[in-house]
Amino acid sequence: MPPPIIEQPPGAVEPLARPSEFPWPPVLFLIAVVAGWGLNNLSPLTWPGLDDLPARAIGMGFIVAGFAIAGWALVTMLRGRAQIRPHAEATVLITHGPFKRFRNPMYVGYALILLGMSDNSQNLWLAIMMPLFVIAVTWLAILPEERHLEAKFGDAYREYKTTSRRWI
């Protein structure tokens, strides 16, 4: 049975009504994919790895793991009646399921999918886009989300941060 869901204490002051005005994570993921494919069409880079069955299996493993982690996070949020839009006000603090280990499992999933796509398509630009995606989503989404959650849930969120990692 999952631990109780932490809701905002009654009468708490909410200085940050929402983490941001724009849904950065899915947009940044799409930008990374489109940029990776576009750059590969304009200026392809030589793939440094092998193109064999084991390499393709590893790439597919990253994709499957990424979808599994992101899917598990989505189901956990829906079951906990949490807000799933990344730019909307948080309604509850979910600390179980994939959130027990990672504070941002959906974004971890996106990063794994990018790596798997790069390996399976032998598109080095997609591999280059992955750390750029991580930096951009950290700056534009995660840091504002963390400020929002800390303002909304206070000590409960600060304690949660001590037991989970931002990424991996």
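# Cavity, pocket and helices: a dialogue

Mentor: Start with the largest cavity. Its lining divides into 8 nonpolar residues, 2 polar and 1 charged. Keep in mind that this is a predicted model.

Trainee: Which residues line the largest cavity?

Mentor: They are Pro19, Ser20, Phe22, Trp24, Pro25, Pro86, His87, Leu140, Ala141, Pro144 and Glu145. Two elements, α1 and α4, each give two or more residues to this lining. The most comes from α4, with 4 residues.

Trainee: What makes a space a pocket or a cavity?

Mentor: In a cavity, a 1.4 Å probe fits but cannot get out, whereas a pocket is an open set of points. The largest pocket holds about 520 Å³. It is lined by 30 residues, and the closest to its centre are Met77, Gln83, Phe99, Glu145 and Leu149.

Trainee: Which elements give two or more residues to the lining of the largest pocket?

Mentor: They are α1, β2 (92–93), α3, α4 and α5 (155–163). Here too α4 gives the most, with 5 residues. The pocket lining divides into 21 nonpolar, 4 polar and 5 charged residues.

Trainee: On to the helices. How do you know that the span of α1 agrees with that of a helix?

Mentor: Helix α1 covers residues 24–42, which is 19 residues. At 1.5 Å a residue, it should span 27 Å. Its end C-alpha atoms lie 26 Å apart, so the two agree.

Trainee: Which residues of α1 are buried?

Mentor: Pro25, Leu28, Phe29, Ala32, Val33, Gly36 and Asn40. Their arc around the axis is only 140°, so they sit on the same side of α1.

Trainee: Which exposed residues does the face turned away from the buried side carry?

Mentor: Leu30, Val34, Asn41 and Leu42 are the exposed residues there. They are called exposed because that word means over 50% relative accessible area.

Trainee: What covers the buried residues of α1?

Mentor: The cover includes α3 (105–121) and α4 (124–153).

Trainee: What span is expected for α2, and what does it reach?

Mentor: Helix α2 runs over residues 53–79, with 27 residues. The expected span is 39 Å, and α2 reaches 38 Å from first to last C-alpha, which is close. Its buried residues are Ala55, Gly59, Ile63, Gly66, Ile69, Ala70, Ala73, Thr76 and Met77. They pack against α3.

Trainee: Take Ile69 in helix α2. Why does Ile69 count as buried?

Mentor: Its relative accessibility is 18%. Buried means under 20%. The value falls under the cut-off, so Ile69 counts as buried.

Trainee: Which residues does Ile69 touch, leaving out those up to four places away in sequence?

Mentor: Pro105, Val108, Gly109 and Leu112. Phe99 is 30 residues from Ile69 along the chain, and their C-alpha atoms are separated by 9.9 Å.

Trainee: Now Asn104, in the loop between β2 and α3. Why is Asn104 called buried?

Mentor: The relative accessible area of Asn104 is 7%. That is under the 20% limit, so Asn104 is buried. Beyond four places in sequence, Asn104 touches Ile142, Glu145 and Arg166.

Trainee: How many helices and strands does the protein have?

Mentor: It has 5 helices and 2 strands. Along the sequence the pattern reads β-α-α-β-α-α-α. The C-alpha atoms fill a box of roughly 60 × 35 × 25 Å along the principal axes.

Trainee: What share of the residues is buried?

Mentor: Of the 168 residues, 42% are buried. As for contacts with a separation of 6 or more, 81% join residues 24 or more positions apart.

Key. Residues are numbered from 1 along each chain as its sequence is written. This is a predicted model: local features need pLDDT of at least 70, side-chain atom pairs count only at pLDDT 80 or more; totals for chains, interfaces and linings use all residues. Side-chain values use heavy atoms; hydrogens and water are left out. The expected span of a helix is 1.5 Å times one less than its number of residues. Buried means under 20% relative accessible area, exposed over 50%, partly exposed in between (1.4 Å probe, protein chains only). The arc is that of the directions from the helix axis to the C-beta atoms. Contact means heavy atoms within 4.5 Å. On a 1 Å grid over the protein atoms alone, a cavity is a set of points where a 1.4 Å probe fits but cannot get out, and a pocket is an open set with protein on both sides within 12 Å along at least five of seven lines; lining residues have an atom within 4 Å of a point. Ala, Val, Leu, Ile, Met, Phe, Trp, Tyr, Cys and Pro count as nonpolar, Asp, Glu, Lys and Arg as charged, and the others, Gly among them, as polar. Grid points are joined across faces, edges and corners, and a volume is the space filled by probe spheres set on the points.
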